[in-house]
Amino acid sequence: MLLTVNPETNLNFGQVLEKLMNFAIDAGKDILVAILIYVIGRIIIKYIGKLVSKILEKRRVEISVQTFLKSLLKILLNLILAFAIISKLGVETTSFAALLASAGVAIGMALSGNLSNFAGGLIVLVFKPFKVGDYIDGAGVYGTVQEIQIFHTILLTPDNKVVYAPNGALSSNAITNYSGKDIRRVDFTFGVEYNEDFDKVEAVLKRIIEADKRILKTPEPMIALGSLGASSVDITVRVWVATPDYWNIFFDMNKVVYTTFNKEGIGFPFPQLTLHQAGN
């Protein structure tokens, strides 16, 4: 049995193979160009980011605004790069844009939280309830503000944990800014025994306060008999300090008072319970 080969079949197969090769070459070129666009685009984005950063620093723009603008610029430049790559790969950008527009409602619903966070970031930048470097507490988070990005604010807790707090929550909830003012008041309550001389205790506390140069003279420190407790006379002490010194003063004052009271023979009370025995 003899096999016959149709010349037309060979011709058609050769044409298909040639078309496939041409398509592969063209596609390969587009892919290589797309890769080249990506690499060059990333370099340009990095360069623009550094340039903008230098300009913002030179103009002494607030750190909070700098981090927000740099984060926003990075996203916009990456979106432009993505459109350029998609266009080079042969995808119609108009069709792609129409597809995004048609899915806009669904995407908007899915990203409603992020849109709220974006608006919250703008509110934080405009009204400045806090800035980079401030220690804040609120909306279930606390820590020192490291960055204010377009969707989140990055906080660093005292035990060195990084917290990403949504801007929407921070802009719509009560926030306590412990760094908002240059000075803060430190409150103490020192309990002494009932048989101690209040004037002596007051004089010792005044001496301790005057010896610490970090404690401000204005506003004037206050020493008062705060309350008569069940087992102690409670002395209230209030002093004003520079905000960065708050915790150092708080811990140092407790230590100095404890040491000095012991040297001066001022007794610290212990819980007491007096029992009265009923007569037979």
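A nonpolar surface patch of about 680 Å² is made by Ile31, Leu32, Ile35, Tyr38, Val39, Ile43 and Leu89. A patch takes residues with over 30% relative accessible area and no salt bridge, and joins nonpolar side chains (Val, Leu, Ile, Met, Phe, Trp, Tyr) within 5 Å and like charges within 9 Å. The model is predicted: local features need pLDDT of at least 70 and side-chain atom pairs count only at pLDDT 80 or more, while totals for chains, interfaces and linings use all residues. Residues are numbered from 1 along each chain as its sequence is written, and side-chain values use heavy atoms, with hydrogens and water left out.

**The surface patch**

- One of the patch residues, Ile35, is found in helix α1 (residues 7-58). Helices (H or I, at least four residues) and strands (E, at least two) are DSSP runs, numbered from the N terminus.
- Ile35 has 47% relative accessibility, so it counts as partly exposed. Buried means under 20% relative accessible area, exposed means over 50%, and partly exposed lies in between (1.4 Å probe, protein chains only).
- Accessible areas come from the Shrake-Rupley method with a 1.4 Å probe; for residues, only the protein chains shown count as cover. A salt bridge is a side-chain nitrogen of Lys or Arg within 4 Å of a carboxyl oxygen of Asp or Glu.

**Strands and hairpins**

- Strand β1 has a covered face, Ile136 and Gly138, and an uncovered one, Tyr135 and Asp137.
- β1 runs antiparallel to β2 and is joined to it by four bridges; two strands pair if DSSP finds at least two bridges between them. Asp137 has Tyr142 in β2 as its bridge partner.
- The hairpin of β1 and β2 has two residues between the strands, and Ala139 in the turn has a positive phi of about 60°.
- β1 also pairs with β5 in the antiparallel sense, over three bridges. Here Gly138 has Ile175 in β5 as its bridge partner.
- Strands β2 (residues 141-148) and β3 (residues 152-156) run antiparallel and are joined by four bridges. Glu147 stands opposite Ile154 in β3, and the hairpin from β2 to β3 passes through three residues.
- Five bridges link β3 with the antiparallel strand β4 (residues 162-166). Leu156 has Val162 in β4 as its bridge partner.
- The hairpin of β3 and β4 has five residues between the strands, and Asn160 takes a positive phi near 70° there.

**Aromatic rings**

- The whole structure holds ten aromatic pairs. Rings of Phe, Tyr and Trp (its six-membered ring) pair if their centres lie within 6.5 Å; planes under 30 degrees apart count as stacked, over 60 as edge-to-face and the rest as tilted.
- One of the pairs, Tyr135 with Tyr178, is tilted because the ring centres are 5.8 Å apart and the planes stand at 55°.
- Tyr135 lies in strand β1 (residues 135-138) and Tyr178 in the loop between β5 (175-177) and β6 (183-192), so this pair ties together parts that are 43 residues apart in sequence.
- Tyr135 is partly exposed because its relative accessibility is 24%. Tyr178 is partly exposed too, with a relative accessible area of 30%.
- Phe188 and Phe190 form a stacked pair, at 5.6 Å centre to centre and 10° between the planes. Phe188 is buried at a relative accessible area of 4%, and Phe190 is buried at 6% relative accessibility.
- Ring pairs link Phe188, Phe190, Tyr246, Trp247, Phe250, Phe251, Tyr258, Phe261 and Phe268 into a cluster.
- Arg184 lies over the face of Tyr246, at 3.9 Å from the ring centre. A charge sits over a ring if NZ of Lys or CZ of Arg is within 6 Å of the ring centre and within 35 degrees of the ring normal.
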